[in-house]
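Thanks for passing this one along. Have a look at the model below, and then at my notes on it.

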Amino acid sequence: MKVVGYKQDKAWLYSSKVKEHFFNPKNIFKSDQELEDYKKNADGVGQVGSPACGDVMEMFIKVKNNKIKECRWRTFGCASAIASTSMLSEMVVGKTLAEAKKITPKDIVKALGGLPARKIHCSILGDQALRKAIENYEGKK
Amino acid sequence: MKTIYLDHAATTPLDPRVKKEMDSIKTYANPSALHQMGLEAKEILNNARNKVAKILNAEPEEIIFTSGGTESINLAIKGIGKGHIITSKVEHPAVLETCKFLERNGCNVSYLDVDKDGLISLKDLEKAIKKETILITIMYANNEIGTIQPVKEISKIAKKHKVPFHTDACQAGFLNLNINADLITLNGSKIYGPKGIGILYKRKNIKLEPLMHGGGQEFNLRSGTENLTNIVGFAKALELAQKEDNNKITKLRDYFIQKVQKEIPRTFINGHKTKRLQNNANISFLDVEGESILLYLDHKGILVSTGSACSSKKLEISHVLDAIGIKHDAAHGSIRFSLGKSTTKIELDYVVKELKGIIHSLRMLSPIHLNKGDIRK
């Protein structure tokens with residue numbers, strides 16, 4: 001049976017950047033094992049949100065010479081929540097901790113090529129989770 | 001090459017037999033006109049009305065054509081006058097928002113609770129009736145979870161207390177419509193008929209105030225030139241729907257539900273096990289969010305809907321899932337699959353296969369792990 005999936009030229013709910021990060025999320029865990037191993041080696045972990053509200057984001061970072069070397073994440077939420085966390089995980093690599101802490105929801109929305117107004121609250125959680133992860137790392141030092 | 005459409009509860013495609021009947025209407029005259037073409041239009045209109053009346057065991061004067069379900073509901077609820085209204089918490093927004101409007105304008109409304117399967121309690125209903133009660137409005141079948149209410153029993157209680165009973169039967173065009181209600185709303189777009197057409201069945205002795213004033217069409221209850229082509233299409237669609245054997249689709253639905261539960265762990269079904277629309281499967285997938293599931297399915301050519309909807313501050317869950325006691329945590333991952341006349345087993349097998357992969361991927365992405373205790377309040 002041939003089923004026609006989503007067509008590239010057809011209208012979609014969000015921007016093409018959101019589409020790319022939603023359907024091909026970057027810096028994710030491919031298996032439970034990979035997640036478990038990463039948890040042991042991550043330098044900082046941060047989680048925000050609640051299942052009841054519909055969005056939970058978790059960020060893992062690895063730090064070297066005060067810069068973010070790697071960023072991994074997990075998200076429970078809608079397409080823009082998933083895409084915005086994926087986007088953020090790419091944005092932070094190579095940034096100093098001070099620079100990373102300054103990333104605002106607005107920066108993420110801009111990088112995604114915009115989000116519908118009612119969806120902007122979703123991306124606010126990504127930067128909060130990142131800040132928590134950085135604080136977690138700094139607290140350990 | 002095709003997509004798999006499992007959103008028939010939202011709206012159905014036009015049945016080719018209905019289209020054929022609509023295409024056969026050549027007259028463009030106003031049925032109120034006195035010339036020969038007008039009389040021809042009037043005859044077509046009368047025939048369609050008679051056909052609908054016969055199906056509903058009604059008299060032609062008891063059938064009012066409207067622009068659809070929402071209008072029929074508004075006419076029934078607003079038209080009956082001011083007083084106390086009894087409805088349920090799981091009604092369609094067309095009913096709930098109309099009731100809220102009336103509340104803002106001095107009416108008193110009781111919203112009945114439902115149980116975990118979505119059924120109202122007949123005892124609660126009887127208790128809620130007061131001497132000021134002017135209307136009971138309870139849906140025949142729920143658009144989200146498919147639960148079928150005991151409408152015949154509700155009719156009996158309404159008769160006993162001499163309160164008019166309206167039922168929103170928009171999802172129930174394939175069920176038995178001889179239910180002894182005083183007012184029944186039906187629409188074309190859910191029964192493979194045209195969109196923008198519906199009826200309100202109104203028992204002769206019930207008095208309504210019209211919403212539309214004008215030329216006095218539809219027994220003075222709905223002014224405006226009749227949409228003849230759509231009316232003819234509606235009558236044909238209702239005739240076909242009432243003849244349809246629901247066994248095939250019921251079996252497919254049960255097959256699908258069982259297969260999803262077998263293949264995908266940590267899922268649960270919303271709604272009643274048996275008192276359920278023949279084509280409805282509302283399924284919650286723990287730890288994942290509905291819109292993401294919907295868009296991943298869409299990507300694979302499978303079209304469904306979700307009760308989960310983003311608002312300005314937080315994700316709001318469906319009022320129906322809330323009323324049956326599902327916690328917010330678990331309600332976010334609910335998907336409504338509504339099967340149709342063209343749905344096949346092969347399609348459903350494809351859906352389950354893709355769904356399995358999608359749920360697995362989204363769960364890998366998800367940092368939450370809900371327990372059984374997180375499902376119900």
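The points below cover the conventions, the domains, the sheets, the core and the chain contact.

1. Conventions. This is a predicted model, in which local features need pLDDT of at least 70 and side-chain atom pairs count only at pLDDT 80 or more, while totals for chains, interfaces and linings use all residues. Residues are numbered from 1 along each chain as its sequence is written, and chains are lettered from A and ligands numbered from 1 in the order in which they are written.

2. Domains of chain B. Chain B splits into domain 1 (16-243) and domain 2 (245-365), with bounds from an automatic or database domain assignment. Their C-alpha centres lie 29 Å apart. Across the boundary, 17 residues of domain 1 of chain B are in contact with 19 residues of domain 2 of chain B; contact here puts two C-beta atoms, placed from the backbone, within 7 Å. The domain 1 side of this boundary in chain B has eight nonpolar, five polar and four charged residues. For these classes, Ala, Val, Leu, Ile, Met, Phe, Trp, Tyr, Cys and Pro are nonpolar, Asp, Glu, Lys and Arg are charged, and the others, Gly among them, are polar.

3. The sheet in chain B. Seven strands form an open sheet in the order β2-β8-β7-β6-β5-β3-β4 (chain B), with mixed pairing. Strands are DSSP runs of E of at least two residues and helices are runs of H or I of at least four, numbered from the N terminus; two strands pair if DSSP finds at least two bridges between them. At the edges stand β2 (63-66) and β4 (108-112) of chain B, each with a single partner strand, so one side of each has no neighbour in the sheet. Neighbouring strands are turned by 20° against each other on average, direction ignored. Helix α3 (residues 69-79) of chain B packs on this sheet, and its direction makes about 25° with that of β8(B). Axes are lines fitted to C-alpha atoms, for helices over the stretch in contact, and angles run from 0 to 180 degrees between N-to-C directions.

4. One strand pair in chain B. Strands β3 (residues 84-88) and β5 (residues 133-137) of chain B run parallel and are joined by three bridges. Ile86(B) has Ile136(B) as its bridge partner in β5(B).

5. The sheet in chain A. Seven bridges link β1(A) to β2 (residues 55-64) of chain A, and Val48(A) has Met57(A) as its bridge partner in β2(A).

6. The core. Which residues have the most contacts inside the largest nonpolar core? They are Met59(A), Ile199(B), Ile231(B) and Ile293(B), in a core of 136 residues. Both domain 1 (16-243) and domain 2 (245-365) of chain B contribute residues, so this core lies between them. A nonpolar core joins buried Ala, Val, Leu, Ile, Met, Phe, Trp, Tyr and Cys residues through C-beta atoms within 7 Å, where buried means 20 or more other C-beta atoms within 10 Å of the residue's own, these atoms being placed from the backbone.

7. The chain contact. It takes 30 residues from chain B and 29 residues from chain A. On the chain B side, α9(B) gives the largest share, five residues.

Conventions
A residue is buried if 20 or more other C-beta atoms lie within 10 Å of its own, exposed if 12 or fewer, and partly exposed in between; C-beta atoms are placed from the backbone.
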